[in-house]
Amino acid sequence: MDEIKKDLLRLGVATLYEAAGRRGLMAGAELLVGVPFAGQAHTAEIPAGDNLGLHNGLRAPERTGDIYCVASAGKGRYGVIGELLVEQLRAGAWQAIVLDDAIRDIDLLEAPPSVAARGICSRGTVKRRAGRVNVDISLGGILVRPGDWVVGDRDGVVVIPEGRVLNVLAAAETRLAKETRIAELVRTGATVLAANLTATEELAASS
Ligand SMILES: O=C([O-])CC(=O)C(=O)O
Ligand SMILES: [Mg+2]
């Protein structure tokens, strides 16, 4: 498990997204606090302007991973977490939280956990409706199931279905090797397009 996490972090979001067939890249989740992260998803879904479901998910006994993925109907209009919830996430040893809504108290937020969100907004939430915890969610336009792999860095956040992670890692290693070769050729004067052709031919010849 730790090996998978290490490999995902090394390969990074852009390469993993390409290797996954250009799938799984979230809209509206940007790394705003902390360092790159990779781990398995625990999920919650909350209505606009109400973060009770997010609180409930933190207490759920059936936690599935250490990346807390919260789908919010607020679309960036509410600061659903801030200093206090980040403190609770830290106490609970969460590696990261990913949400498609806003955050607040930005100058007071410190990692861990890393925080990926849609932006910053001081408008707060109420705590009335329970939301849904540990279910399949749609986060930033992407289906996230409890246990899926979630990777975030400054290029964005990508979700890889649990059953596909080994295949995606293998494809990402191939892509990385090819790009390393292209960079080598570009350093010796080739254009990126010409180097790409050469690297593609070399790869075909060696397989
Ligand atoms: O309390 C909230 O609902 C959000 C917040 O500002 C915090 O976590 O500090
Ligand atoms: Mg606050």
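Predicted model: local features only at pLDDT ≥ 70, side-chain atom pairs only at ≥ 80, totals over all residues.
## Terms and model

Helix α3 spans residues 83–91, and its residues L85, V86 and L89 are buried. These three residues lie on the same side of α3, because they cover an arc of only 100° around the axis. An α-helix has 3.6 residues a turn, so residues three or four places apart point the same way. On the other side of α3, L84 and A91 are exposed.

After the helix comes A93, which has a positive phi, near 60°.

## Strand β5 and its two faces

Strand β5, made up of residues 96–99, is covered on both faces. A96 and V98 are buried on one side, while I97 and L99 are buried on the other. In a regular strand the side chains alternate between the two faces of the sheet.

## Partners of strand β5

Strand β3 (residues 67–72) runs parallel to β5, and four bridges join the two. Within this pairing, V70 has L99 of β5 as its bridge partner.

Strand β7 (residues 114–117) also runs parallel to β5, to which three bridges join it. Here A96 stands opposite S114 of β7.

Notes:
Residues numbered from 1 in each chain as written. Chains lettered and ligands numbered in written order. Buried ≥ 20, exposed ≤ 12 C-beta atoms within 10 Å, placed from the backbone. Pairing = 2+ DSSP bridges. Arc of directions from axis to C-beta.
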